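Here is a short report on a predicted model, written for a reader who wants the geometry with its cut-offs. The sequence and structure come first.

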Amino acid sequence: MILRVLAGAAAALLVAGCALVHSSSSAGASEGLGAAIFPSGQRPALPAVAGRTLTGGKLRLAADRGHVIVLNFWGSWCSVCQQEAPALAVAARQFTRSGVRFVGVDVGDNPASGRAYMQDHGLRYPSLSDPADHIAADFNRLIPVAAFPSTLVISPDGRIAGRVLGAASDHDLRRLIKAAL
């Protein structure tokens with residue numbers, strides 16, 4: 001009986017919001033929740049990620065090697081993603097001028113909902129369509145991205161320099177981008 005109640009409560013939390021975590025810029029965040037920076041010698045290599053974007057184009061993350069990449073996992077169904085979107089839109093406009101690439105991964109969604117979400121939130125960078133969670137699973141083998149939203153910052157050498165589980169703040173993004181450089 002208790003297990004059923006706990007399972008029901010967990011399911012309700014996941015339906016009401018898509019992440020059980022909130023962004024934190026604290027130094028102790030490297031253990032799991034919030035923002036974490038990975039030391040240079042301990043950065044996992046970027047998996048070979050390629051796919052179709054929400055607009056039907058093809059995208060390979062390896063094509064942006066040599067640039068810092070901010071990779072955001074989101075879904076139009078995710079209320080925390082919707083709260084985070086304005087900060088990402090602003091950051092993308094600010095950092096793109098300095099060569100930082102922003103890419104989204106729309107997880108567990110359909111392309112029409114994803115395109116509408118991108119338009120509604122002013123997100124002008126490309127987003128890969130990942131309706132079956134294959135891209136998210138590739139990253140999950142290296143670094144947890146199971147909470148949505150999740151954001152990874154990839155260094156110019158193709159290694160994951162840091163991540164945010166939950167909504168990324170402007171402060172989180174600036175700190176991780178600086179660490180990736």
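Helix α2 gives the largest share of the lining of the largest cavity, four residues. Helices (H or I, at least four residues) and strands (E, at least two) are DSSP runs, numbered from the N terminus. A cavity is a set of points, on a 1 Å grid over the protein atoms alone, where a 1.4 Å probe fits but cannot get out; lining residues have an atom within 4 Å of a point. The structure holds one cavity of 30 Å³ or more. Its volume is about 50 Å³, taken as the space filled by probe spheres set on the points, with grid points joined across faces, edges and corners.

The lining consists of N72, W74, C81, E84, A85, L88, Y117, M118, L123 and Y125. Two or more of these residues come from each of β4, α2 and α3 (111-120). By class, eight are nonpolar, one is polar and one is charged. Here Ala, Val, Leu, Ile, Met, Phe, Trp, Tyr, Cys and Pro count as nonpolar, Asp, Glu, Lys and Arg as charged, and the others, Gly among them, as polar.

The model is predicted: local features need pLDDT of at least 70, side-chain atom pairs count only at pLDDT 80 or more, and totals for chains, interfaces and linings use all residues. Residues are numbered from 1 along each chain as its sequence is written, and side-chain values use heavy atoms, with hydrogens and water left out.

The largest pocket has a volume of about 180 Å³. A pocket is an open set of grid points with protein on both sides within 12 Å along at least five of seven lines. It is lined by 17 residues, and L46, P47, A62, R65 and G158 are the closest to its centre. The lining divides into 10 nonpolar, three polar and four charged residues.

**Sheet**

The chain has five helices and eight strands. From the N terminus, the elements run α-β-β-β-β-α-β-α-β-α-β-β-α. Six strands form an open sheet in the order β1-β8-β7-β4-β5-β6, with mixed pairing. Strands β1 (34-37) and β6 (127-130) are its edges, and each pairs on one side only. On average, neighbouring strands are turned by 15° against each other, direction ignored. Axes are lines fitted to C-alpha atoms, for helices over the stretch in contact, and angles run from 0 to 180 degrees between N-to-C directions. Two strands pair if DSSP finds at least two bridges between them.

| Strand pair | Sense | Bridges | Partner residues |
|---|---|---|---|
| β1 and β8 | antiparallel | four bridges | A35 and V164 |
| β7 and β8 | antiparallel | five bridges | L152 and R163 |

The hairpin of β7 and β8 has five residues between the strands. Within this hairpin, G158 takes a positive phi near 85°.

Helix α2 (residues 79-96) lies across β4, β5 and β7 (150-154), at about 155° to β5. Helix α5 (residues 170-180) touches β1, β4, β7 and β8 (160-165), and its direction makes about 10° with that of β1.

**Burial and contacts**

Buried residues make up 48% of the 181 residues in the chain. Buried means under 20% relative accessible area, exposed over 50%, partly exposed in between (1.4 Å probe, protein chains only). Six of the six residues of β8 are buried, so this strand is largely enclosed by the rest of the structure. Strand β5 is mostly covered, with six of its seven residues buried.

Which residues does V153 contact? Beyond its neighbours within four places in sequence, V153 is in contact with V68, I69, V70, R159, I160, A161, G162, L176, I177 and A180. Contact means heavy atoms within 4.5 Å. V153 is in strand β7 and counts as buried, at 0% relative accessibility. V153 and V70 are 83 residues apart in sequence, yet 4.6 Å apart in space, C-alpha to C-alpha.

S129 sits in strand β6. Its relative accessible area is 19%, so S129 is buried. Leaving out residues up to four places away in sequence, S129 touches R52, T53, L54, D106, P111 and I135.

Over the chain, residues 24 or more positions apart account for 70% of the contacts with a separation of 6 or more.
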